Amino acid sequence: MPRVEANPTPPVLTWARTSSGLSPEDAAKKIGIQVGKLLAWETGTEKPTFAQLRKAGAVYKRPIAAFYLQEPPKGFEAMRDFRRHSGVDVGFVSPNLTQEIRRAHDRRDWALDLMAQLDDHPKDFKQRLRLNMNIEEAATQVRDFLGVTMENQNQWKTQAFNQWRLLIERAGILTFEMTTVGVEEARGFSIGAKPLPVAVANIKDSPRARIFTLLHEVAHILLDSGGICSLDDRGQDDSARSETFCNQISGATIFPREALLHSDIVRRHARGRSEWTDQELRGLSIQFGGSRESALVRLATLGLTSQAFCDGRRARFRLEYRQAEAERKAQQDKGFVPPHQLALLSAGPMFVGLVVENFNRERITTSDFSDYLQIRAKHISEVQQTYAGFGE
């Protein structure tokens with residue numbers, strides 16, 4: 001049988017590989033060819049077969065039609081920021097993180113299209129933060145922007161993450177959860193494009209840590225700041241100052257100053273003692289719905305603990321995070337999250353709601369529903385039921 005060659009656009013092949021975060025060597029290995037052949041495709045001196053092009057499309061997560069564009073698409077940009085642990089090479093972005101970034105961009109574009117089909121419009125909010133703002137005033141603005149009260153928080157208990165997420169989306173910010181990236185590489189990132197900016201947390205993190213991440217990204221969106229986010233916020237450059245500000249805003253939003261100072265745990269704590277026990281931090285975490293680390297950051301912001309104690313305890317927390325992530329991975333290997341639940345967690349209630357509503361009004365097909373949420377058609381009814389009960 002003669003060899004049937006495809007005729008993709010060479011620069012588009014190069015763009016598809018580089019925008020997926022793959023080196024020529026890694027891409028060639030995944031496709032199952034020699035690196036020299038891949039480079040020959042990208043220069044146009046050789047052509048792949050249709051079977052090879054389909055394999056490249058699967059590796060790069062691109063439809064075959066994309067390879068026949070006349071030139072590489074424009075408009076996909078690197079993330080404005082992403083929260084990382086200190087010690088991670090900020091210049092490295094793994095293929096998985098690259099694909100999560102791309103997926104977040106795609107979902108935002110799709111959400112705008114789905115809204116238009118429903119004659120709906122995203123909220124065009126005017127709220128902005130400034131880097132020189134008083135932390136307490138800025139956090140009050142964030143809480144007002146989200147419409148959250150302490151009465152709300154006291155009622156949320158185990159549903160705190162879902163409830164914060166719903167408030168953020170009702171304010172006009174999409175929320176997604178990345179599913180393929182380790183917490184060590186990135187805990188979150190944001191897309192500041194307006195309207196309909198995006199805040200993303202890592203599903204592998206604990207729910208309370210994800211609350212801190214989402215609010216951290218909300219602060220970045222309202223601050224309209226760029227740069228790479230890191231958990232190491234001790235530097236003096238603009239990026240570190242922005243990180244410190246967003247960390248403090250996140251903590252102050254979860255733990256309002258007056259409510260925290262008048263809590264029984266803080267009132268019983270010995271005045272002037274900078275050390276806080278695990279029991280105390282855990283109690284604050286449960287009462288306010290934030291993580292122990294975010295409670296500690298907040299206490300440091302208010303001068304209720306020393307920076308040395310805060311740094312030491314946060315280092316221990318990060319070790320616990322790595323251990324917890326390994327345990328969660330081991331549990332996932334034994335079982336799995338049902339596909340309809342994972343679809344809702346990953347895509348978020350606003351995006352899923354747009355898909356469900358368009359489907360119910362017959363604006364999109366069953367195939368469209370499956371494509372938008374990356375789920376098999378047999379799970380559609382389960383997605384609809386789970387979405388209806390989200391946050392309850």
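Me: Which residues in α16 meet which residues in α17?
Reply: In this predicted model, the α16 side of the contact is made up of A343, A347, F351, V352, V355, V356 and F359, and these meet T366, F369, Y372 and L373 in α17. Sorted by class, the contact of α16 with α17 has 10 nonpolar residues and 1 polar residue, with no charged residues.

Me: And at what angle do the axes of those two helices cross?
Reply: The axes of α16, which covers residues 339-360, and α17, which covers residues 366-373, cross at roughly 160 degrees and come within 10 Å. Because angles over 145 degrees count as roughly antiparallel, α16 is roughly antiparallel to α17.

Me: Left-handed or right-handed, the way α16 passes α17?
Reply: The crossing in which α16 passes α17 is right-handed.

Me: What about α5 and α16, how do they pack?
Reply: Helix α5, residues 95-117, packs with α16 at an angle of about 35 degrees, the axes being 9 Å apart, and the crossing of α5 and α16 is left-handed.

Me: Which residues meet there, between α5 and α16?
Reply: From α5 the residues are R107, W110, A111, L114, M115 and Q117, and they meet S346, A347, M350, F351, L354, V355 and N358 in α16. By class, the contact of α5 with α16 has 9 nonpolar, 3 polar and 1 charged residues. A347, F351 and V355 of α16 are among the residues that meet α5, and A347, F351 and V355 are also among those that meet α17.

Me: Switching topic, which residues of α3 are buried?
Reply: In helix α3, which spans residues 35-43, the buried residues are L38, A40, W41 and E42, and what covers them includes α1 (10-18), α2 (24-31) and α4 (50-60).

Me: What follows α3?
Reply: G44 follows α3, and its phi is positive, near 90 degrees.

Me: Now α13, what is buried there and what follows it?
Reply: Helix α13 runs over residues 278-288, and E280, L281, G283, L284, S285 and F288 are buried in it. After α13 comes G289, with a positive phi near 85 degrees.

Me: Zooming out, how many helices and strands does the protein have?
Reply: The secondary structure comes to 18 helices and 4 strands, and of the 392 residues of the protein, 50% count as buried.

Note on methods:
Residues numbered from 1 in each chain as written. Predicted model: local features only at pLDDT ≥ 70, side-chain atom pairs only at ≥ 80, totals over all residues. Heavy atoms only, no water. Buried < 20%, exposed > 50% of the residue type's maximum accessible area, 1.4 Å probe, protein only. Axes fitted to C-alpha atoms, helices over the stretch in contact; angles between N-to-C directions. Parallel < 35°, antiparallel > 145°, perpendicular 65-115°, else oblique. Left-handed = near helix turned anticlockwise from the far one by under 90°. Contact = heavy atoms within 4.5 Å. Nonpolar A, V, L, I, M, F, W, Y, C, P; charged D, E, K, R; others polar.
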